[in-house]
Amino acid sequence: MTETAPRALPDSPCAGPASWPQPSRPDRMRGLLDAVMSLGRGLELPEVLRGIVEAAVTLTDAEYGALGIVGDGQKLLEFLPVGISEQLAAVIGQTPCGRGILGELIRHPKPLRLTDLSSHPRSFGFPPNHPPMRTFLGVPVRVREEVFGNLYLTEKRGGVSFDADDEAVLTTLSIAAGVAIDNARMYDESRRRERRLEALGEITRTLLSGTDADEVLHLIAERAMEVAGADRAAILLPTPRTPLSGASAASGAEARLTVAVAHGRDSERVTGLSVPARGSLAGLAARTGTPVHCADVRTDPRAHPFGDGAEDGLGPVVTVPLRVDAETRGALRLGRPVDRPPFDDTEVALVSGFADQAAIALELARRRAESEELAVMHDRDRIARDLHDLAIQRLFATGMTLQSTTRAIADRPDAAERVSRAVDDLDTTIRIIRSTIFDLRTADGPGRGGLRHRMAETARTAAHALGFRPSLRIDGPVDTTVPDELAEHVVAVAAEAVSNASRHARATRIGIVLSADDAVTLTVTDNGIGIRDGVTAAPGTGAAAERPGGLANMRTRAELCGGTLTIERPADGGTRIIWRAPLHD
C-alpha cells in the first residue's frame, strides 16, 4: 500500500487553494479516459480493485480513498484503502465494518458529497490514531444493477471541498469500474472452472486406476483447497462409518463426524479430531444434504470449532455434504483465515464438485471391498468343496481298504496293530479336514467374527505374550450351533486358561481344542509345572487354590451356562482344563 504526499501545513508558504494547480477540464477528461482504458485491460480482480481506488484518488485530487465491498447483512466485507500506510493501518487496528457515513452509503446507494463529514447526523467518529478527515465524497459501484460496493474519498488537496465535477468524474469512473469488476470476476471464475475441470480429471483418472481410497481422498482435499483458495481442507466421515441421512440413517444425538483426511494448515493436528453430528456445520451439511457456510467459525452459533487451538486464525468456513444416491456419507469442510472474504455461491458450487468425487471414492472403495470379499468367499467355497469331494473321499476309501486288510493279517498281531493305528490317524485327519471345511464355509459378517475366527484371534493374541503360538483345533460346526452368548463365555475361558498356563505354570507348549456336538467342549492342555499331588477335579486345592481368581471365574461361567469345569493332570505332566456346557436344555 503506498502513501501519497502529505498535506501542506497551514503556515506553509504554499498553503491555500491557490497553491494547488487545478487541472483543466480537457486534462481531467483525458485522465478519466486513460483510467477507464486502464481498468478495461485489467483481468486480475485484486489489481482491478486497487486500480479503481488509485484512479479515483488521482482524478479527484483526494488524499485518501477506499473501496468498500458490501457483503451479506449490509456490512462491509472488505475495505481497500489508499493513502494510509501499512504501519498506520496497523496502529489504527480494525478496518471499518459499515457504520456511520460509510453505512449511510450502504443503506442509501447514491452519491454523497459533504463539506464536513463530522456534521452529518450519521457521523460515527474516528478510532484512535486515525488521521483527521473533513471533506467527503462517496458513490456506489454497481455490477449488473447490483451494488458491489462503494467508493469513498476524503480530504481533497488544497483544503477545498469536492465539487460537482468531482462527483461527475467519480460517478463515471464507478460505472467503468463496475464493468471492469464484472469482467475480472468472469475471468477469475473461468480460470477457477478450468482448474476445477483439470483437478476433477486428475481425480477421475486416479479413481479409475484403482488407487487406494485414502490416497484419493487426500488428493481431493488438496485440489479442493487449491481451487477454492482455502487454507485447510478436511474430509469428515461418520464414527462409526454409518450413513447420516436416507433410509439407513443413524439415529440418536451421539453420532459424531471424525476428520479422516486433512490437508493444509495444521492438518496433522486436525486429523482424528471429531465434532458432533448435531451441533456442527459439518454435521448440519451431512444431515440436511445441503451446503452450509459461515463468515466466522469462531462466532457462528451453528459451528463447533475443533478444540486445542486447531482453529486459530480461521474465519470463513464452508461445508458440503458427501452424497451418494439418497445417502450422505460425511462432509467436506474448507476454511480460510479471518482476514479473507467468506465463500461465495460460485465457490460453494466448485467445492460441491469435489465433494461428489469424494463420495464416489468412498462408494467405490466399499464396492471393491465387497467384491474382494465375495471373491474370497467363492474361493473358500471351492476349496471346501474340493476337500470334501476329493480329499475326504480318498482318505475314507483308503481307511476302508486298510480295515479290510486287517482281517487278512489277523495272524500277525504287530502288523494288525500298525494298520489299526494308521486307520485311527486317517480318522483324525478326516476330522481335521472337516473342521477346515466348516471354517472355510463360515462367512463372518463385517466387523463381527464367528467363534472360529475369534478363537483364532485369541491364539494369535496370546502368541505375542507367550513367545510361541498355541495350537488350535476346532471340530464341528461351532459357528452355527453355539449361540452368541455362549460363544462369549468360550472365548473368555480360553483366554483365561492360556493366560494362567503362561503366567503361573510357565508352560512352553499349549494346545486348545474346541468341539461342538450335543455340548460345546473347550480343552486347554499345557506342559507346565502342573498341579500338586492330591488335587482332584474339584477346584479349591493344589494349583487351583493358589490362583483362585481365574479358575473361579471359569467355574462361575460354566455354572451360568449349566456346565462343568474339570481340572486334570495328564500322565506326562502339565495341566488339562476341560470346560463343558450343553447346547440344548
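How many residues sit between S4 and S5 in their hairpin?

## The hairpin

Two residues separate S4 and S5 there, and Arg 144 in the turn has a positive phi of about 55 degrees. Strands, like helices, are DSSP runs numbered from the N terminus (strands E, at least two residues; helices H or I, at least four). Strand S4 covers residues 136-143 and runs antiparallel to S5, with eight bridges joining them. In this pairing, Val 141 stands opposite Gly 149.

This is a predicted model, where local features need pLDDT of at least 70, side-chain atom pairs count only at pLDDT 80 or more, and totals for chains, interfaces and linings use all residues. Numbering starts from 1 along each chain as its sequence is written, and side-chain values use heavy atoms, leaving out hydrogens and water.

## Strand S5 and its other partner

S5 spans residues 146-156 and is mostly covered, with nine of its eleven residues buried (under 20% relative accessible area, 1.4 Å probe, protein chains only). Strand S1 (residues 62-70) also pairs with S5, antiparallel over seven bridges. Here Gly 68 stands opposite Asn 150, and Tyr 64 stands opposite Thr 154.

## The whole sheet

Put together, you get an open sheet of five strands in the order S2-S1-S5-S4-S3, paired antiparallel (a pair needs at least two DSSP bridges). The edges are S2 (76-82) and S3 (112-114), each pairing on one side only. From one strand to the next, the twist averages 15 degrees.

## Helices on the sheet

Helix H4 (residues 100-107) lies across S1, S2, S3, S4 and S5, at about 145 degrees to S5. Helix H5 (residues 164-208) packs on the sheet too, touching S3, S4 and S5, and its direction makes about 30 degrees with that of S4. Contact means heavy atoms within 4.5 Å; angles run from 0 to 180 degrees between N-to-C directions, with axes fitted to C-alpha atoms, for helices over the stretch in contact.

Notes:
Buried means under 20% relative accessible area, exposed over 50%, partly exposed in between (1.4 Å probe, protein chains only).
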